[in-house]
Amino acid sequence: MTTQVLNDLTVEVDGEGDALLCIHGLGGSSNNWTPVLPVLGGFRRIRPDLPGSARSPLPADGKALSINSYVDAMTELLAALDIGSVHVMAHSMGTIVAQHLALRRPGTVKSLALFGPLVAPPDAARPNIAARANAARGGVAAMQEIADAIVKGATSTQTKEQQPAVLALVRESVMRQSPEGYAQSCAALADAQSAALERLDVPTLLVTGDQDGVAPETNVRVIQQRIAGSRLVVLDGCGHWTTFEQPQRCAQELEAFYAALH
């Protein structure tokens with residue numbers, strides 16, 4: 001495995017085979033995918049930290065983050081690695097980025113595996129996400145409060161009762177974000193708009209948890225209806241941090257999904 005800095009993005013690249021771009025969500029990092037790497041041995045795995053997240057700095061040009069700027073960053077990353085076509089795996093906010101990437105670059109994206117998938121925040125939720133952006137600018141103490149709230153609200157009852165290490169991992173993932181980077185990431189999510197999902201024409205796997213309040217099953221079923229031929233899996237006892245909370249089930253679904261493509 002190599003860790004590189006390309007176009008100001010910190011990215012981990014390892015393995016050989018078809019390219020697989022792994023896009024984390026809000027408060028995440030390349031480590032969102034570490035639990036499922038054992039079943040992805042047949043791929044060249046590209047795991048960036050998005051601009052302003054984890055180990056990647058905010059853009060040097062000073063422009064605010066947006067879904068479009070994330071798509072630009074992923075497009076430029078693929079070009080820097082000389083990758084012409086790619087499978088894409090994504091979580092949460094990253095699934096919005098993945099959808100727009102697939103539509104902007106038709107023929108480039110060969111499949112989508114989307115965990116805790118979103119199309120855009122409900123209008124009623126946008127002010128709360130924007131308020132979280134403002135709160136994050138309060139610094140380290142504010143990020144700790146945000147992390148605690150996410151652990152409480154975005155993981156399942158079973159995870160809270162049986163997997164204390166997962167709670168620590170989610171908390172650490174959020175607390176490791178820079179306050180300004182996290183704030184701008186929240187603002188990007190608050191402004192996100194739906195891609196034209198009906199135009200997507202690639203094999204698509206949708207995975208959510210039965211206790212995922214961010215991507216509840218009812219919402220994901222609407223996404224399934226909008227993406228022709230997509231498959232939905234609902235994991236029992238799972239919240240929004242799917243690959244952390246149910247890594248074995250996620251790995252099984254990925255293994256079956258990619259096996260069916262060959």
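Biologist: Which helix gives the most to the lining of the second largest pocket?

Modeller: A pocket is an open set of points on a 1 Å grid over the protein atoms alone, where a 1.4 Å probe fits, with protein on both sides within 12 Å along at least five of seven lines; lining residues have an atom within 4 Å of a point. Helices are DSSP runs (H or I, at least four residues) numbered from the N terminus. Here, helix α1 (residues 67-80) contributes the most, with 4 residues. The whole lining has 16 residues, and P51, P59, D61, A73 and E76 sit nearest the pocket's centre.

Modeller: Before we go on, this is a predicted model, so to speak of local features we need pLDDT of at least 70, and side-chain atom pairs count only at pLDDT 80 or more, while totals for chains, interfaces and linings use all residues. Numbering starts from 1 along each chain as its sequence is written, and side-chain values use heavy atoms, with hydrogens and water left out.

Biologist: What is the lining of that second pocket like by class?

Modeller: Ala, Val, Leu, Ile, Met, Phe, Trp, Tyr, Cys and Pro count as nonpolar, Asp, Glu, Lys and Arg as charged, and the others, Gly among them, as polar. The second largest pocket's lining has 9 nonpolar, 2 polar and 5 charged residues.

Biologist: And which residues lie nearest the centre of the largest pocket?

Modeller: Those are L118, I129, R132, L189 and V214, out of 31 lining residues. By class, that lining has 21 nonpolar, 8 polar and 2 charged residues. α3 (126-136), α4 (140-154), α7 (179-190) and α8 (217-226) each supply at least two of the lining residues, and α4 gives the largest share, 5 residues.

Biologist: At what angle do α3 and α7 pack?

Modeller: Axes are lines fitted to C-alpha atoms, for helices over the stretch in contact (heavy atoms within 4.5 Å), and angles run from 0 to 180 degrees between N-to-C directions. α3 and α7 pack at about 165°, their axes 8 Å apart. That makes α3 roughly antiparallel to α7 (under 35 degrees is roughly parallel, over 145 roughly antiparallel, 65 to 115 roughly perpendicular, the rest oblique). In the contact, α3 residues including I129 and R132 meet α7 residues including Y182 and L189. That contact has 11 nonpolar, no polar and 2 charged residues.

Biologist: How about α3 and α4, what angle do they make?

Modeller: About 140°, with axes 8 Å apart, so α3 is oblique to α4. R132, A135 and A136 of α3 touch A142, M143, I146 and I150 of α4. By class, this contact of α3 with α4 has 6 nonpolar, no polar and 1 charged.
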